[in-house]
Amino acid sequence: MKSIIVEILGTAFFLYSILLSSNPLTIGCALAITIFVTSKFANGHFNPAVTLMLVSIGKHPVSLLIPYLLSQMVGSLIAVNLVNLTTK
């Protein structure tokens, strides 16, 4: 359960950073910081494509596929709503 919550928060922070900045260096730093901070609690996918790839090659359990994908969607919705609230 802890990894799912961390995945939600990490995805939200990372996507929020992407949506507010078009600078690749800023986006790269945001990803590095997010992975560094959350690495003790979760795998740090933050992207459904990464999760699907890891499941397809057997590096992530199939049983966690749906929870991870849902947590990434929830995190992205949080990020989009935060951007809408902070930029209007």
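Modeller: A definition comes before the rest: a residue is buried under 20% relative accessible area, exposed over 50%, and partly exposed in between. The model is predicted. Take helix 2, residues 24-38.

Start with its dimensions. Helix 2 has 15 residues. From first C-alpha to last it reaches 21 Å, close to the 21 Å expected at 1.5 Å a residue.

Now the buried side. A30, T34 and T38 of helix 2 are buried. Looking down the axis of helix 2, its buried residues fall within an arc of 40 degrees, so they line one face of the helix. Helix 1 (2-20) is included in what covers these buried residues.

Turn to the other side. The face of helix 2 that points away from the buried side carries P24, L25 and F36, which are exposed.

L25 also figures at the start of the helix. There, a side-chain oxygen of N23 comes to within 2.9 Å of the backbone nitrogen of L25.

One more residue, L31, has its place in helix 2. How does L31 count, buried, partly exposed or exposed? Its relative accessibility is 30%, so L31 counts as partly exposed. Leaving out residues up to four places away in sequence, L31 touches F14 and F46. L31 and E7 lie 24 residues apart along the chain, and their C-alpha atoms are separated by 13 Å.

To sum up helix 2: A30, T34 and T38 are buried, P24, L25 and F36 are exposed on the face turned away, and L31 is partly exposed.

How values were computed:
Residues are numbered from 1 along each chain as its sequence is written. This is a predicted model: local features need pLDDT of at least 70, side-chain atom pairs count only at pLDDT 80 or more; totals for chains, interfaces and linings use all residues. Side-chain values use heavy atoms; hydrogens and water are left out. Helices (H or I, at least four residues) and strands (E, at least two) are DSSP runs, numbered from the N terminus. The expected span of a helix is 1.5 Å times one less than its number of residues. Buried means under 20% relative accessible area, exposed over 50%, partly exposed in between (1.4 Å probe, protein chains only). The arc is that of the directions from the helix axis to the C-beta atoms. Contact means heavy atoms within 4.5 Å. A polar contact is a pair of N or O atoms within 3.5 Å; within protein, one must be able to donate a hydrogen and the other to accept it, and residues adjacent in sequence count only if both atoms are side-chain atoms.
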